[in-house]
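I opened this notebook to record what I looked up in the structure, entry by entry. Each entry starts from a point I wished to settle.

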Amino acid sequence: MTPGQRAEARIAGLGITEPRDLDVDLIAMDADMEVVYENLQGCEATLVGVGNRAIATVRRSTVRGRERFSVGHELGHWDMHRGRAFRCRVDDPGQNWASDALLEKEADTYASHLLMPTSMFNPRMKALGTPGFREIEDLSEVFATSVLATCMRVADINTLPVTLACYNARGVLRWRKAAEDVPPRWWLRQQLDDDSFAYELLHNGKSHPSPGKQPAEVWFENMDADQYEMSECCVPSRAGEIMVLLYLGPKMLDARYDPHVGNRKFNQHGLRVTRK
Ligand SMILES: [Zn+2]
């Protein structure tokens, strides 16, 4: 079973079918993992297991969604990586991906499916069409998850050609997560373009929470990007960062690999080719 399947099997085993019944503390208790909330320093959560019982210590946050994600993450470790102790920094993909990652990623996937199981999440997402940040905030209220975790799940379910990206206060790309069906040929700009809504948000404080049309060249380095249209929305995130949701236009999905795209900097898998 994949981490996501394991999490969803646990939810199904408890007979939970509605988001309001996804009480992570009770779900953890049922799995013999006690949860305590403390003002942890330097990490988001820890897990210590003794025999068949575990204690997860989760950093207190004013955002309940973050606490819930941490509980789900530690439950993932307890469920899948028993016999080890963990000290985790969760719910920040930039940090998790930078550090070791397989077990942390598995625990993140587990938490994501535990809090937003496919059977409950996908029908609600489908009803939203192409959601902007307002709709995603509403969805995150339904599931009591953070907006970030909800956006990640939106990319994960791969029902829309969406890329989630985070740019820092200097307009530099920190990390990105694309739905699986987004062709890797589309190479995201490392630095925000002056014409992007995100640039306007960074410099003039103007939010664009609803998707608005943009020429694809605003967001992608590919030389043929000026021939395509896409949509963009963005909101401020923590620590002066900007969170962006990009939806590829339908024609962008059919664009074929072109050896000249990006001045041959990229291969058909979207990987940067080092010139010899
Ligand atoms: Zn962890």
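**Entry 1. The hairpin of S8 and S9**

Which residue in the hairpin of S8 and S9 takes a positive phi? The model is a predicted one, and I read the torsion from it. I found that alanine 239 takes a positive phi near 55° in this hairpin, where five residues lie between the strands. Alanine 239 has this positive phi although it is not a glycine. I placed alanine 239 in the loop between S8 and S9. Is alanine 239 buried or exposed? Its relative accessible area is 71%, so I noted alanine 239 as exposed.

**Entry 2. Strand S8 and its partners**

I next followed strand S8, which spans residues 229-236. Six of the eight residues of S8 are buried, so the strand is mostly covered by the cut-off of under 20% relative accessible area. S8 pairs with strand S9 (residues 242-248) in the antiparallel sense, over seven bridges. I looked up two positions along this pairing. Proline 236 stands opposite isoleucine 242 in S9, and cysteine 233 has leucine 245 of S9 as its bridge partner.

How many bridges join S7 to S8? I counted five, and strand S7 (residues 208-215) runs antiparallel to S8. In this pairing, lysine 213 has serine 231 of S8 as its bridge partner. As background, I noted that strands of a sheet pair through backbone hydrogen bonds, either parallel or antiparallel.

**Entry 3. The sheet of five strands**

In what order do the five strands of this open sheet stand? I read the order as S6-S5-S9-S8-S7, with antiparallel pairing. S6 (173-178) and S7 are the edge strands; each has a single partner strand, so one side of each is left without a neighbour in the sheet. On average, neighbouring strands of this sheet are turned by 20° against each other, direction ignored.

I then asked which helices pack here. Helix H9 (residues 197-204) packs on the sheet and touches S7, S8 and S9. The direction of H9 makes about 25° with that of S8. H7 lies across S7, S8 and S9 as well, and runs at about 110° to S9.

**Entry 4. Helices H6 and H7**

At what angle do H6 and H7 pack? For helix H6 (residues 118-126) and helix H7 (residues 133-143) I recorded an angle of about 155°, with the axes 11 Å apart. Therefore H6 is roughly antiparallel to H7, the cut-off for that term being over 145 degrees. The crossing of H6 past H7 is right-handed.

I listed the residues that make the contact. H6 contributes Met120, Phe121, Arg124 and Met125, while H7 contributes Leu139, Val142 and Phe143. Sorted by class, the contact of H6 with H7 has six nonpolar residues, no polar residues and one charged residue.

Alanine 144 has a positive phi of about 50°, although it is not a glycine. The relative accessibility of alanine 144 is 31%, so it counts as partly exposed, that is, between the 20% and 50% cut-offs.

**Entry 5. The sheet of four strands**

I turned to the open sheet of four strands, whose order is S1-S3-S2-S4 and whose pairing is mixed. Why is one side of S1 and of S4 left without a neighbour in the sheet? Strand S1 (33-38) and strand S4 (86-88) stand at the edges, and each has a single partner strand. The twist from one strand to the next averages 15°.

Within this sheet I looked up the pairing of strand S2 (residues 45-50) with strand S3 (residues 53-59), which is antiparallel over six bridges. Glycine 49 stands opposite alanine 54 in S3. Helix H3 (residues 64-80) packs on the sheet and touches S1, S2, S3 and S4. The direction of H3 makes about 145° with that of S1.

**Entry 6. Proline 250**

Where is proline 250 found? I located proline 250 in helix H10, which covers residues 250-254. The C-alpha atoms of proline 250 and tyrosine 228 are separated by 9.1 Å, and the two residues are 22 residues apart along the chain.

Notes
Residues numbered from 1 in each chain as written. Predicted model: local features only at pLDDT ≥ 70, side-chain atom pairs only at ≥ 80, totals over all residues. Heavy atoms only, no water. Buried < 20%, exposed > 50% of the residue type's maximum accessible area, 1.4 Å probe, protein only. Helix = DSSP H or I, 4+ residues; strand = E, 2+ residues; numbered from the N terminus. Pairing = 2+ DSSP bridges. Axes fitted to C-alpha atoms, helices over the stretch in contact; angles between N-to-C directions. Parallel < 35°, antiparallel > 145°, perpendicular 65-115°, else oblique. Left-handed = near helix turned anticlockwise from the far one by under 90°. Contact = heavy atoms within 4.5 Å. Nonpolar A, V, L, I, M, F, W, Y, C, P; charged D, E, K, R; others polar.
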